[in-house]
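My entries follow the order in which I looked.

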Amino acid sequence: MNDVYILAIESSCDETSMAIVKNGKEVISLSTTTQIKVHAEYGGVVPEIASRMHTEVITLVLDSTLKEANMKMEDISAIAVTYTPGLTGSLIVGIECAKTLSLIYNKPLIGVNHLIGHVYANNIDNTLKYPLLALIVSGGHTELLIMEDDYKFTKLGETLDDAIGECYDKVARLLDLKYPGGPNIEKLAQKGKPTYKLPVPVNDNSYNFSYSGLKSAIINLTHHEKNLNKADLARSFEETAIGELTRKVKKALKETNIKRLVIAGGVSANQYLKKEMTKLCQEYNAELLIPKMLYSTDNAAMIGAAAYPLYLKKEFSDYTLNASSNGDIC
Amino acid sequence: MTLYIDTHYTNLVLALLNDGKLIDQRLIESNKHSENTIPLLNKLLNDNNLTIDNIKEIIVIIGPGSFTGVRIGVVIAKTIGYAKNIPVKGISYLQAVSLNYSENVIIGLKDKNGAFIGEFNPNHELINDYLYLSNIALKDYKKAIIYDSAVNIPKIASFLKDLPPINIHELKPLYVKRIEAEK
């Protein structure tokens, strides 16, 4: 079979990213412009600003992606684009660019779910083997899934309210830390001790998560505690928030007897999470896959990786492809 | 062949011009430009036995209007312009409407909370900056505003004919309205 080169576009939040991925595994080029500095001034992503910035850089990112790969659009086999979940206005910028390229060059269009993209980020440097457990942890999602095969997901549990990444950003603001909150909380937590008793999110027998109670507890502490030790609170928060993940993953490893765990999404860059999951997987003799930093945050390479199985199955989208904010995997 | 793209408001308009003459024009009234624009462009080209390769220039309405709507037209224009290395010319909708008049005019475009306005001289050059006035501010606005939603596409093409094209990467929507966000 001929090699398949997919041009992938990702604009679901505050990164405009494009990549050319060969056969779903080899990243030929990846070009990403981030808006973090702009949004940091507001303490979080401002959707309208994000959409405006995507529009300004979209053809520049396309140009650098092609040049870095030393390829022409004619060499591309298909065009993939994130269509869900994300900020609708931002998604639309990438989608319109993808559809236009698909029309101009008469190449198949492949709509990709961003979260599935995060899972397939693990197929770039490693190879996904099934069945596996997938833990998706990001600014918008906290889900634990069983993946039986390419694109075959069964949901074990999900957050009942806030996503873990959202909770990290909120707590970062309460502790006067800059956006993005995750890395900054992590830094501060390293200097602290877990001295604060915080409520355990969902203390039941399900695989579900909850982060709003934990968030409220931190709001209360930051408003009422006089001699607040921020480093200790950051450490206590991190252990509680990640502890909730490890408890549910442990239960899944035990009950499903699946021997592979994949961590996906922006929060997978968290070192404490990596450490805890590594310990857990050693205990259960399971293989752990975490994407390297470059592919753990939002990027188009993972979209190209996730588009490849759809290309093989000829699951193409038509020109009416539109943005959807919801993004359910199953 | 020139492709005309207008997605700035509820009407999606695509048109083809040959040597400045309108040869086909399509309109869809909806708030789903993101679903409709590329299918309509595909149909417009097919019905005229054309491909993108026949398009040698693009004219795009850059705003003001619906932020998302305007972005759709601008992104499509930029992408085609970049990919096929053809010139793209942008014009504001208010300036396009001003081409219908040969005197000093103030052209307005209403949305639910107010109106975008632009004042033009008889040469259709913008006097002062574009403004967005709330419905309350509009009540106190003393000058006459023309709310005319008709544009003449060949007139736009003729007006833009001698203007240099915009650098594709620098083509931006005209939003006028600022973003409401607290720092």
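The entries below go from the domains to the core and then to one residue.

I note that this is a predicted model, in which local features need pLDDT of at least 70, side-chain atom pairs count only at pLDDT 80 or more, and totals for chains, interfaces and linings use all residues. Residues are numbered from 1 along each chain as its sequence is written, while chains are lettered from A and ligands numbered from 1 in the order in which they are written.

I looked up the domains of chain A and found domain 1 (5-120 + 295-312) and domain 2 (128-290), with bounds that come from an automatic or database domain assignment. Their C-alpha centres lie 27 Å apart. For the contact between them I counted 13 residues from domain 1 of chain A and 19 residues from domain 2 of chain A, two residues being in contact if their C-beta atoms, placed from the backbone, lie within 7 Å.

I then turned to the largest nonpolar core, which has 146 residues; such a core is a set of buried Ala, Val, Leu, Ile, Met, Phe, Trp, Tyr and Cys residues joined through C-beta atoms within 7 Å. Both domains of chain A give residues to this core, so it lies between them. Ala8(A) is among the members that touch the most others.

Last, I checked Ala98(A), which is placed in helix 3 (residues 88-105) of chain A, a helix being a DSSP run (H or I) of at least four residues, numbered from the N terminus. Ala98(A) is buried, with 30 other C-beta atoms within 10 Å, where buried requires 20 or more, exposed 12 or fewer, and partly exposed lies in between.

Conventions. Helix = DSSP H or I, 4+ residues; strand = E, 2+ residues; numbered from the N terminus.
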